[in-house]
Amino acid sequence: MEKIILLLLLVKSVLICIGQPQTVSVKIKEGVDDKFLISRIESNTSQLLSSLNDDYSKRSAVLSIDYRIATPAAIDGMMDIWEDVKFYCPVGQIDENLLTSGEFYQLRNIPIVVDDDIQNVVINFNKDGKIEDFYLGLAMHQYQNVMDPNSVVDRTRREIILNFIENFRTAYVRKDIEFIEKVFSEHALIITGRVVKQQNLSTDNMRSGLSKREIEYMVHTKSEYIDRLRNVFNNISHLILNFNDIEVNVHRKFPNFYGVLLEQHWATAHYQDTGYLFLVIQFRDDDHPLIWIRTWQDASEVERDEIFGFHNFRITEGVVR
Amino acid sequence: MIKYLKIKFLVALLVFLTTVVNSSASEPAFTFAGLRAVYELLPTKMQTQFNEKDIVPSGVYFLDAGSLIKDKQIVFRINQYKEVSHIGLQLFSGLTTNTNEQVVFDYLERKLLFILLSNSSSDILNLMDQENLVFYVNNRVVNDDLKRSIQTHFSSISNASFTLYNTQDSFSAKWSIGPLNYIEFRFPNNFITISGMDKYELEQHLMSELQNLPEGRAMVIDLPKSDLTPYKDEMFVLRGGTYKNVDDISADYFLLFSNQVKPVYDDRFILESASNLFLNIVPSNIRLNINHKQYGDKHQSCLVNINDFLSFFRDDYSLYFGWQNKDLNNLKASVFIYNSYFDYSHTLIISFQQADIFVDQRVLQTEFYSYTPHNNLKQH
């Protein structure tokens with residue numbers, strides 16, 4: 001049986017060059033009242049980043065992350081990235097706010113150097129302060145290939161994908177919740193993003209005063225999404241849904257995974273919006289395509305380089321643990 | 001006398017009940033949901049007038065548009081299954097031979113009738129907004145009191161000249177009385193919107209046509225040798241263009257010439273023969289098991305003769321052929337059935353072995369995907 005691990009990488013790259021310190025100290029400015037938890041998160045993150053720097057300077061083939069600071073899945077994820085590219089933290093001191101949602105904690109804007117580019121990493125923690133996810137956004141070209149426009153196989157597959165996308169659109173217009181339920185994987189990652197406020201970044205290692213919008217990303221399970229959608233369908237008489245500017249790409253490592261980015265116009269009698277929809281669709285031998293990722297971002301609020309794509313996610317295939 | 005009155009009353013009651021039962025029984029069937037929606041907007045009197053008509057297959061019926069618009073008629077078209085296949089405000093006389101254009105004409109007639117039947121200006125504005133339909137009078141967009149403007153202008157277009165212009169992105173339908181005096185509708189080129197049917201309805205409609213295909217014939221190529229380009233061995237090629245600029249997907253015919261042109265269909269030239277077969281220039285008894293992959297993860301199959309199937313698409317589509325796999329024991333090819341007028345395609349994928357295409361009555365397995373739109377893709 002196959003397991004697909006999907007990791008969300010919410011990162012924006014910033015081009016600055018800074019040297020590599022040996023140890024990194026992380027300080028949480030504000031976020032939660034639990035001093036013990038804050039201390040665990042500060043310690044685990046500092047240890048992780050220092051350990052990465054150590055491995056980087058030794059040119060280690062594998063990472064030596066202490067299993068007490070991160071979950072096995074998080075360590076596996078970082079190992080997988082390390083196989084492709086080596087990276088390090090370029091700053092000695094990081095002061096950041098801890099974001100929280102229920103028992104989910106997140107540190108953002110952690111600078112990491114990959115291939116001479118500085119990228120902002122997002123680290124998630126569980127309720128015990130253990131590192132649960134480490135999201136590193138790699139350049140888009142490292143994750144996707146544009147389908148070969150001159151290949152008969154690719155052209156045929158592209159037509160089948162576009163046909164599926166039209167089926168997908170039709171399902172919403174027909175309010176066909178059964179079909180929609182069928183095409184989403186049971187473990188689908190469904191994300192919606194919206195701008196919540198404006199704030200100035202104050203991270204020591206960023207250019208001070210740089211204005212940045214704070215975008216809130218909500219992650220839904222398939223059942224949550226389907227329940228919400230069913231509720232929406234029950235309360236609207238009809239839906240106009242149009243897809244435009246559809247782009248199809250294939251995953252570089254897993255050629256049966258396709259990324260489809262499009263502009264979606266949604267209109268009902270009393271509401272309408274336009275957003276960027278990104279879907280990761282797996283085409284399987286049984287001919288029933290499966291959606292693993294669906295993200296939606298408000299087109300009026302999101303910058304072009306903030307639109308989700310393959311580069312924001314990591315897809316690995318392995319054995320179920 | 002009382003007995004006579006009683007009988008007369010009972011007869012009248014019977015006639016009344018029969019009329020009521022008949023009128024409800026004669027509620028028409030529609031080829032797609034959007035038509036029923038237009039029909040339901042008609043005043044009850046018009047519905048009754050239509051229901052009282054003696055409907056025959058493939059008939060055309062008219063009702064006076066009355067107060068909706070001066071000197072115009074409402075047209076109803078019936079298909080061979082006695083279903084209503086079109087309702088609209090009659091703007092065009094008779095059917096055109098161009099079935100693509102007919103779809104656009106029907107759209108215009110249907111939308112105009114919808115506007116005239118709408119009692120709320122917000123319904124009209126919603127329609128215009130949702131379908132990006134824009135009405136111009138002498139190059140000025142009309143938004144206010146659209147219904148009245150349409151009533152005024154369309155009641156006097158009988159002497160106007162009509163032009164329909166389309167690109168892959170949009171349509172312009174224009175009625176001109178003079179160079180500076182015209183009315184125009186502009187709308188996006190989107191087959192699903194214009195046809196009024198969604199993908200599910202289109203697939204069902206196509207499937208019922210495939211199950212009742214008329215007999216079709218392979219195309220006959222009759223050209224002088226001077227029109228042909230030498231290809232290889234003794235073969236010539238007649239270039240037919242490529243699909244979406246992909247060199248390996250083309251409408252090229254491979255031909256032999258001895259006194260006259262004939263298509264290559266010879267087991268010495270498997271690849272060229274198969275290409276000719278799937279571009280419908282070889283008469284054949286080969287049958288295709290069409291596995292139609294449809295909306296909702298469903299599929300329906302039908303068994304058709306290859307010439308019947310490909311000829312069905314001859315008028316409104318172009319056929320293109322490409323090899324996915326040229327391994328002679330595991331051949332796989334794609335046929336792209338492309339409608340350039342509305343910029344959408346059907347795709348047929350065939351898997352077979354080299355000997356299959358030369359065996360009489362052999363059944364080839366196919367996958368068929370229909371109504372793939374291309375006009376909503378990102379332009380690079």
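Tyr39(B) is placed in helix H2 of chain B, which spans residues 33-41. The model is a predicted one. With a relative accessible area of 1%, Tyr39(B) is buried. Apart from residues up to four places away in sequence, Tyr39(B) touches Glu27(B), Pro28(B), Phe30(B), Gln47(B), Phe50(B), Asn51(B) and Ile87(B). Between the C-alpha atoms of Tyr39(B) and Val84(B), which stand 45 residues apart along the chain, the separation is 9.7 Å.

A second residue of chain B, His86(B), belongs to strand E4 (residues 83-89). His86(B) is buried, its relative accessible area being 1%. Its side chain makes a polar contact of 2.7 Å with that of Glu109(B). Neighbours within four places in sequence aside, the residues in contact with His86(B) are Leu35(B), Val75(B), Phe76(B), Arg77(B), Asp106(B), Glu109(B) and Arg110(B).

Chain A contains 5 helices and 17 strands. Of its 321 residues, 56% count as buried. Among contacts in chain A between residues at least 6 apart in sequence, 63% join residues at least 24 apart.

**Salt bridges**

Over all chains, 18 salt bridges are found in the whole structure. Three of these pairs are listed below.

| Salt bridge | N to O distance |
|---|---|
| Asp198(B) and Arg174(A) | 2.5 Å |
| Glu186(A) and Lys222(A) | 2.8 Å |
| Glu203(B) and Lys199(B) | 2.6 Å |

Asp198(B) counts as buried at 15% relative accessibility, whereas Arg174(A), at 37%, is partly exposed.

Glu186(A) lies in strand E11 (residues 184-200) of chain A and Lys222(A) in helix H5 (residues 222-234) of chain A, so their pairing ties together parts that are 36 residues apart in sequence. Glu186(A) is exposed, with a relative accessible area of 59%, while Lys222(A) is buried, with 7%.

Glu203(B) and Lys199(B) are both located in helix H8 of chain B, 4 residues apart, or about one turn of the helix. Glu203(B) is buried at a relative accessible area of 0%, and Lys199(B) likewise counts as buried at 0%. In chain A, Glu181(A), Asp227(A) and Arg230(A) are joined into one network by salt bridges that share partners.

**The interface of the two chains**

Contact between the chains involves 38 residues of chain B and 33 residues of chain A. About 3,000 Å² is buried between them, with carbon and sulfur atoms giving 52% of this area. On the chain B side, Tyr295(B), Asp297(B) and Lys378(B) lose the most area to chain A, together 23% of what that side buries.

The interface has 1 salt bridge, and 15 residue pairs are in polar contact between the chains. The largest share of the side of chain B that touches chain A comes from E21(B), with 6 residues. That side divides into 13 nonpolar, 14 polar and 11 charged residues.

Helix H3 (residues 152-173) of chain A packs with H8(B) at an angle of about 120°, their axes lying 9 Å apart. Asn163(A), Glu166(A), Asn167(A) and Thr170(A) of H3(A) make this contact with Lys199(B), Tyr200(B) and Glu203(B) of H8(B). By class, the contact comprises 1 nonpolar, 3 polar and 3 charged residues.

How values were computed
Residues numbered from 1 in each chain as written. Chains lettered and ligands numbered in written order. Predicted model: local features only at pLDDT ≥ 70, side-chain atom pairs only at ≥ 80, totals over all residues. Heavy atoms only, no water. Contact = heavy atoms within 4.5 Å. Buried area = accessible area lost by both parts, 1.4 Å probe. Salt bridge = Lys/Arg side-chain N within 4 Å of Asp/Glu carboxyl O. Polar contact = N/O pair within 3.5 Å; in protein donor to acceptor, adjacent residues only side chain to side chain. Helix = DSSP H or I, 4+ residues; strand = E, 2+ residues; numbered from the N terminus. Nonpolar A, V, L, I, M, F, W, Y, C, P; charged D, E, K, R; others polar. Axes fitted to C-alpha atoms, helices over the stretch in contact; angles between N-to-C directions. Buried < 20%, exposed > 50% of the residue type's maximum accessible area, 1.4 Å probe, protein only.
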